[in-house]
Structure formats: C-alpha cells, structure tokens
Amino acid sequence: MNIENIVTPIQKLDEFLGNELYMKRDDLLPFSFGGNKARKAVYFFEEIKKGKYNCVVTYGSGSSNHVRVIANLCASSNIECHVIAPKEAFKVTNNSKMRELFGAKVTVVPVDDVHDTIENKIKELESEGKKVYFIPGGGHGNLGTKAYVDCYEEIKQYEKENNVFFDYIFFASGTGTTHAGLIVGKLQNHDDRAIIGISIARPAPRGRNVVLESVREYMGDSPDIEESTVFVDDYRGVGYGDTVSEQVIKDVLIRYGIPLDETYTGKAFYGMREYIKTKEIKGKKILFIHTGGTPLFFDSLNGLLYGDYN
Ligand SMILES: *Cc1c(COP(=O)(O)O)cnc(C)c1O
C-alpha cells in the first residue's frame, strides 16, 4: 500500500442552509475503498512491517470498514488475519463478503465474550509459534489518533493555500480516534473553531469519555480538552430502513454525486444538517469529512430501491 503521502481532496460543494459547505473526501484514499480506516491502517501496518509480524488479530462487526481494510492489507502482504466478530451485529454486507474473499478467519461470539475470545485467540496463535499483532476495533489507540492529526494538518494546508477558514468541522464519530485526532490538531494549532462529532452509535457520557481519553492519551491533559470536545448523540437512531436516512443518501447522491451510507456518513450528514438548522448557524464555512464506507453505500442502494438491506 502506498498511500502514505497522499492528500485527499477538499471539494467546495454549494450554499448550504445559508452557509458554504465543503467536503474532505477521505473516502477517495486509494486503497480498499479508502476511508478513515485506510488512513489509520497505514500506521498499524508500518509497525507490523517493522516488527516482522506474520499474523494479525482484530475486532469488528459484519459491516465494519476497519475489518475490510485490515483483511485486504493482510491478504496483500501475505499476513494471516483473524477477526473476532460480535454475534449481535453479524450481518452479510459487502464488507463481510470482501472479508471472506480476503481469506480472513472469523470467530463469531456473543459481544460479552469478545474480550476473552481475543485474549485466548492471541495466546493460541502465539503457542503455534506465530508473531501476533493486535489491532483494536476501529483502529483505536494513539496510531489511529495520529492519522487524524495528519488529516487536520492537511485541512490547515488547504486553508492556507485557498485562503479560507472552516468555522465548523463535522464527521461521524464511532470508536473515537477520528474525533480525537481532529481535536488534538485543533489544540496543537490553537485554532478557534468547532470540531463536531456526530455519534453514530454510542450515547454521550460514555462515547464522549472515550474521545476525551484518547485525546489525553495522545497529548497529555490540558484544560482546553474538555470544552473542545463536542459530541452530539441526538442522531444515533437514524439508520437502517429509516426513510430519513434514505432521503439523505438519495439527496446527497443526486445533488453532489457522492455516496453516503446508513451506518456512518449518512447519519453524520443528517446530524450536521439538523445541528445547523437547530443552532441557526448562518454565514459560516463548514467542512464535512467523508470518512468512507463506500461498500456500505451499495448495501444501502439495495435498500433504497428494493427495501432489502442485505
Ligand atoms: C469507523 C468509521 C467512522 C467512525 O470513526 P471512528 O474513528 O471509529 O470514530 C466513521 N465513518 C466511517 C465510514 C467509518 O468506517
């Protein structure tokens, strides 16, 4: 994979509820359908190559973009890939189909058994003489955070070259390091703008705390971290089979020719729109980060047309 030095484009879209809307296309990172998991995976694989690991263990559901990217990278580098998947979110998706194509070995267990299953799997593989590298679900940890500090610097560079300043940055917040990296970037640059993560699954106190912990783990504690961490959990319910999310996906596809999905980017885009309306934000420059998930768009497309989400 050679995507280390590739800067993803920022596209000016149009007037949006009285604001100027831009989109950073991390979905266009050119490996395995890109997205934030590809951006994070670069750093994990740097360590894997350096440490000469020959086996990877990671975690994720059937719709996980992270698992797809990791399984693809493992297959292309001839590294054995093991995935622990929660039984509760075991859906057939384009991502799970590719996971199969890439030859990842999947162990499905109830979500409560995930932790122990991972530990046992690592021990088992090590006892077979394999050198095992563990990647936390979603590419969590400092390496994942670092990937989005990089993304923040790309945004700064664009602003400098184009003489603009984004007042707001919106994106889908899940396992937390995309969010954490952007906050670190803002704090390190002492920028005055709002970084707004739209939660796609976790409710606020817990989800927000995970982001706070990731920021502190990366840069140490600072009094500004707390107030810089805006975690909006009002739009988690928008999702599969929901006419609201179908409408958003259809609108954005027709208007801009850009694919969103129902699990991540569709929710975040919808959440951004509602947030802007509710807070009556006007005359600002707004950046939406498209965090990827294109294979899930095609799952959603079936739903849009035939009401079938598989
Ligand atoms: C994983 C994912 C997210 C959430 O990113 P986190 O770093 O886990 O918070 C957002 N969008 C897409 C498409 C994803 O796959």
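Strand S4 (residues 80-86) pairs with S5 in the parallel sense over 5 bridges, where strands are DSSP runs of E of at least two residues, helices are runs of H or I of at least four, both numbered from the N terminus, and two strands pair if DSSP finds at least two bridges between them. This is a predicted model, in which local features need pLDDT of at least 70 and side-chain atom pairs count only at pLDDT 80 or more, while totals for chains, interfaces and linings use all residues. Residues are numbered from 1 along each chain as its sequence is written, and side-chain values use heavy atoms, with hydrogens and water left out.

**The sheet**
- Pro-86 has Val-109, in S5, as its bridge partner.
- The open sheet is built from 4 strands with parallel pairing, in the order S5-S4-S3-S6.
- Strand S5 (105-109) and strand S6 (132-135) are at the edges with a single partner strand each, so one side of each has no neighbour in the sheet.
- On average, neighbouring strands of this sheet are turned by 20 degrees against each other, direction ignored.

**Helices**
- Helix H1 (residues 36-50) lies across strand S3 (55-59) and S6, and runs at about 165 degrees to S6, with axes fitted to C-alpha atoms, for helices over the stretch in contact, and angles from 0 to 180 degrees between N-to-C directions.
- The axes of helix H9 (residues 243-256) and helix H10 (residues 265-278) come within 9 Å and cross at roughly 90 degrees.
- H9 and H10 are therefore roughly perpendicular to each other, a term for angles of 65 to 115 degrees.
- Their contact (heavy atoms within 4.5 Å) involves residues including Val-248 and Tyr-256 of H9 and Phe-269 and Arg-273 of H10.

Key:
Parallel < 35°, antiparallel > 145°, perpendicular 65-115°, else oblique.
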